[in-house]
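Visitor: I would like to go through this model and ask what stands behind the terms used for it.
Guide: Go ahead.

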Amino acid sequence: MSAVAASEAFEHPALFYRTEQEYTRQTVSFLREGMAAGEPMAVAVPGPNLELIQNGLGADADGILFLDMTEAGRNPGRIIPKVLRGFADSHPEGRVRIIGEPIWAGRSAVEYPACAQHEALINAAFEGRAVTILCPYDEARLDAGVLADARATHPTVISDGLEVASDVYDWQSIVARYNESLPQAPNAAVFSFGADELRAARYFAVEQAGKLGLTGVRLQDVELAVGELTTNSVVHGGGSGTFAIWAEHGQLVCEVRDGGRLTDPLAGRRPPQPGQFGGRGLILVNYMADLVRVHTGDDGTTIRFYLGL
């Protein structure tokens, strides 16, 4: 690789750690390297780990953007456009350095497939860009399967202070593996729609969401999100679809199914460009929802979003 190409290459190491001391030592060292190089830096990790890094840096923490990933990245689908590219795109000159920890022990089994796909899709989103994103993984608390997936979604792994190439790196396989079918709940309220029923679908969604306990501005969020997704179904998904809504585990679940196939793995993960017309529906849902799950195949596409009740 030429010197120019190397300087522009995307770097995406996973950091395996077991203790708070190791976490602090490795992340602070990573950031101090960035300081020495004059690189803009951001840290998006769960709150307690934010404190470890800030305390480890002391006064040197000034000038670094700190975000609590449990809030900024609650929905993994908005981490690339709003957190990672949001920062990297604001610093277009030179290399940018980021710590991003989207997977922690508190993540649920429902959330995890979207988390794994997110980690895989970072590689596509930043290919060829002068960006370094370090992703910490807690070896002591995360499942062995999560750590195995991390080796597949990161080209290099740092463990015990040594960085080595992953011999199982294959991010596309993770995207495909977690493209899981999403069975509809048996108690769901269902509405079939075509071009003439878009308004009725939105009304149905708001009415049902209210009955299930959603209130205030979140009802407006549901109306907007359902409007965007059902319109996409009519325009891009074969002209019709079904909307379903139900509650489970303290969350409202909304789902749109249609006959189209989503072929762009980064759909809904590219920040909208100034003056862009169209193409904002799925990213709007990603920004609004607590979680978005997607399944696409030859028989159609399902987009499901979750809101806390």
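Visitor: How do you know that the span of helix α2 is close to the expected one?
Guide: This is a predicted model, and in it α2 covers residues 20–37, 18 residues in total. The expected span is 1.5 Å times one less than the number of residues. For α2 that expectation comes to 26 Å, and the helix reaches 26 Å from its first C-alpha to its last. Just after the helix, G38 has a positive phi of about 70°.

Visitor: Which residues of α2 are called buried, and what covers them?
Guide: Buried means under 20% relative accessible area. In α2 that applies to E22, Y23, T24, Q26, T27, V28, F30, L31 and G34. The cover includes the strands β1 (13–17), β2 (41–45), β4 (96–100), β5 (131–138) and β6 (156–159), together with helix α3 (47–57).

Visitor: What makes a set of residues a nonpolar core here?
Guide: Its members are buried nonpolar residues joined through side-chain atoms within 4.5 Å. The largest such set has 39 residues, and L84, I98, F126, V131, I133 and Y137 have the most contacts inside it. Helix α6 (112–125) is among the elements that give two or more residues to this core, and α6 gives the most, with 7 residues. Leaving aside residues up to four places away in sequence, F126 touches F10, L84, R85, A88, V131 and I133. A second, separate core has 27 residues, including F193, L214, M288 and L307.

Visitor: Why are β8 and β11 said to stand at the edges of their sheet?
Guide: The open sheet has 5 strands in the order β8-β9-β10-β12-β11, with antiparallel pairing. Both β8 (189–194) and β11 (291–297) have a single partner strand, so one side of each is left without a neighbour in the sheet. Neighbouring strands are turned by 15° against each other on average, direction ignored.

Visitor: How do you know that β9 and β10 pair?
Guide: Pairing requires at least two bridges. Between β9 (residues 240–248) and β10 (residues 251–258) there are 8, and the two strands run antiparallel. One of the bridges links E248 with Q251. Helix α10 (residues 217–236) lies across β8, β9, β10 and β12, running at about 175° to β12.

Note on methods. Residues numbered from 1 in each chain as written. Predicted model: local features only at pLDDT ≥ 70, side-chain atom pairs only at ≥ 80, totals over all residues. Heavy atoms only, no water. Helix = DSSP H or I, 4+ residues; strand = E, 2+ residues; numbered from the N terminus. Axes fitted to C-alpha atoms, helices over the stretch in contact; angles between N-to-C directions. Contact = heavy atoms within 4.5 Å. Buried < 20%, exposed > 50% of the residue type's maximum accessible area, 1.4 Å probe, protein only.
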